[in-house]
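The entries follow the order in which I checked them.

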Amino acid sequence: MGLTNQATGFRTLRENFLPASTGGYLVALAGNPNAGKSTVFNALTGLKQHTGNWPGKTVLQARGKFTHQGHTFTLVDLPGTYSLLANSVEEQVARDFICFGRPDVTVVVVDATCLERNLNLVLQVTETTNAVVVCLNLMDEARRKRIAIDVPLLARELGVPVVPTAARRGEGLAHLKDTIAAVATGALCPGPAPIIYDADIEAAAGQLTRQLQPLLRGRLNARWVALRLLEGDATLLQGIQQFLGVDLSEPGIKLQVKEVLV
Amino acid sequence: MAGQKTDPVLVEAQRLAGDLEDSYRDRIVAALYAQAEAIASRAVKEAPAPRREFDWRLDAILTSRLWGYPIMLALLAVVFWLTLKGANYPSALLASLLFAFQDILTSLFHRLDAPAWLHGIVVLGMYRTLAWVVAVMLPPMAIFFPLFTLLEDLGYLPRIAFNLDNFFKKAGAHGKQALTMCMGFGCNAAGVVGCRIIDSPRERLLAILTNNFSPCNGRFPTLITLAGIFMGGLLTTAAGVAAATLTVVGIILLGIVLMFFTSWLLSRTLLKGVPSSFTLELPPYRPPQVLRVIIRSVLDRTLYVLARAVLVAAPAGAFTWVLANVHLGAFSIIDHMAGWLQPLGKVVGLDGYILLAFILGLPANEIVIPILLMSYLSTGMLTEVNSLAALGEILVRHGWTWITALNVMLFSLMHWPCGTTLLTIYKETKSLKWPLLAAVIPTALGLAACFLVKLLAGLLDIVAAG
C-alpha cells in the first residue's frame, strides 16, 4: 500500500475483503514481495496507485479496473507473500482471497531474477486453482544480469501460460492482457501438473479427497483441502466455515481424518 | 485473532501427525520446494553470480553500524532543508496573489450590497482560511512529498527499518514497527492500518498505540511554518534556514525517541512480552522513475492532503468565524471557550486559543493553524503580504515567543490523534480502551513536555536577569 488517496485518511476505514459482483471478470494479483506486483497493477489499470519500493506496503488489497477485448476486468492487488501457508496475516489474506474470493484468473507475478524462490508460490497457487497465469516480471533486470530463462519450457513444466514482462517499461503487457482474457473467458484452460508427494501422503490425501468432494461441491479443490488438513492448518477450516458454510469439524469428517492418519 | 480457536478435529490430526516420524507438513513443503528447484534448474539456462555486487556494497555503507545513523540523519536534514529553503518564495507569491483576490471578492460583495454577516462568513471566514491553508501548506508539501517519495522508490525505507530494528527490539517491540512508523509520517490512519503486517497481537498494539508519534502530513506544515518563523528568523539567512531545519529534524527525532520510550514502557507494564523475530528482505535498489514520482506524489499526496485540508478548513473557517463573531455579553463564543481553557493553557506555556484550536482541529490536524488564525484574526486586520512575516506578526501580537512556538510544535507532536486515526484504531482493535489510551498517552506526555519547557525557560530568564 503506497500512501495514496485510496489508502490514507478517512478511506482507511473502508474494509474491502470480498468485492461485490461487478459484472466483469475478477482477477487476483499474487506474488512475492518486491516482484513488481504493484507496478504490474499500475501498468494494467493505468497509474492509479503509487508503488513504494518496500515490502509490506500492500496490506489492504488495492483494486482497479481495466477493459480489454470488450470485457471488464477488476484487478485485486494482494499482499506480497512467499507462500500460501498462512504463516502470517499477509499470507492468510492472500490465500483467503484466492480460495474464497472466487477470482476468475489468478495472476502470479514472478521475479525473473530469482525464479526458484518465486516458483514455490506459483506451485502453491496452481495446487489451489487451475485458472493461473504466470507473469514473469522484471525481465529487463534479468537480461541485465544475463539470466536467460526458457519461457516455453517453464510454461510446459508448470502447465500454465507464462508471459514474460518488464512492467516498468510496459513490455509484454498487451500479451499479458490477452492471456488473462483468454483464461477468464475459458478460451484457454491451463492444466497445471499436480505435485506428486510420497506414497503414504498420496494415499491419505486421495482418501480424504474422495470424502471431501461431496461436501465442497467443487467450490474448492478437494485435493488441496485434503493436503491442508493433513498439514493441520486451522485457519483454512475457519475460512471454509466462514465463507462456504461447511463445517468440516463435524463428527463424520473427524472420524475420517483420524482413520486416514492412522 | 484467527488461528487461536483450535478445532477438535485439528487437535486430533495434530496428535496423530505428531506420532509419525516426519510431520506431514514438513514433507509436503519439502516436496513443493524440491519441485520448484527442479523446474527452476531446467528453465533457467544461464545464471551468473546470484547476488548484486553494487547493492551489497551500498548496503554495507547505508546499514553499517558506523555510517547508518549519520546518513539517515543527514538525509532527513537535507529533505527538510530543501523543503524550507524552497517553499519560502512560492509561499509569499501565493499569499500575495490569494489575498489580492480577497480584496476583489470584498469589493464585489460591497457592490452587490451583500449583508455584512454573509461577507464575514464567506470572505473573512471561509476564503481567508482557505487562502492561508493554500499559501502556507501547498509549497512545502509540493517539495517534501516528492522528495520523500523518491527515497521510498529508491528502496531506502527497508534500510531504515533494518537500522532501527535493534532499538525496537530493545523497546520490546517488533522490527516491522519501523515500517509502520514511516507510513505514519504520511498518514497516521494509514500507519495504524499498516500495523496489520505485524502478526503478534501484543506487538501490533504497541505499534498502533505509538504510531501517533510520527508527525503526519497534516502536522508537517505546522512544524515547518512555525520553525521557519520563530527558529529560522523568517528564513532570510542561511543560518536561519539551518536553525529551522535542525528544529524540525529535532522534533522528528524526539517523536522517534518517544515511540521507543512509550513502547518500552508499555511492554513492561500493560503489554508485557518478548519481541518476536521476523525476516526483512532488503529489496534491490531501483533507479527511481523521477518524472512519475513527481507526478504521482503531487497528484496523490500533495493535492489530496491539500484537498482534505480545504474541504475541512472551509466549513471550519465559517464555523470559527461564527464562533468568533457571535457575542454572548461582552465576549464572543470563542473568547468564552478560550477563556475556560486559558488557565490550563497558561500553565503549560500555551494559551486558551491554542488549546481550543487543537480541540476544534480533531477532524484533521491540517486545520489547527487555520482555526487558530481565524480566532486570532476575528477582530484584527491583515496588512502584510509576505505570508510568513504576516503570520509571524499576528502570532507575536497575540503574545507568542519562540517558547510558545516550541510548545505548539511539541504539542502538535504529542497530542491526541486525529478523529480518523482514532476511529481506525477502534476498528483495528475492536475496543474503546485502545483509542482512549492512544489519545491519553501522547496528550499527557505533551502537556508534561510543554510544562517542562515553560519551567526551564522561566529558570533561564531568572538566571539571565540575575
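The model is predicted.

Entry 1, contacts of one residue. I looked up B:Ala357 and left aside its neighbours within four places in sequence. I found B:Ala357 in contact with B:Val368, B:Ile371, B:Leu372 and B:Ser375.

I then asked which residues have the most contacts inside the largest nonpolar core. They are B:Ala227, B:Ala357 and B:Met409, in a core of 113 residues. Helix α5 of chain B, residues 116–154, gives the largest share of this core, with 17 residues.

Entry 3, chain B as a whole. I listed 19 helices and three strands in chain B. Chain B has 466 residues, and 46% of them count as buried. I also checked the contacts in chain B with a separation of 6 or more: residues 24 or more positions apart account for 74% of them.

Is helix α8 of chain A, residues 222–231, mostly covered or mostly open? I found it mostly covered, with nine of its 10 residues buried. The buried residues of α8(A) include A:Trp224, A:Arg228 and A:Glu231. A:Ala222, A:Val225 and A:Leu229 are also among the buried ones. After α8(A) comes A:Gly232, and I noted that its phi is positive, near 80°.

Terms used:
Residues numbered from 1 in each chain as written. Chains lettered and ligands numbered in written order. Predicted model: local features only at pLDDT ≥ 70, side-chain atom pairs only at ≥ 80, totals over all residues. Buried ≥ 20, exposed ≤ 12 C-beta atoms within 10 Å, placed from the backbone. Helix = DSSP H or I, 4+ residues; strand = E, 2+ residues; numbered from the N terminus. Core = buried A, V, L, I, M, F, W, Y, C linked by C-beta atoms within 7 Å. Contact = placed C-beta atoms within 7 Å.
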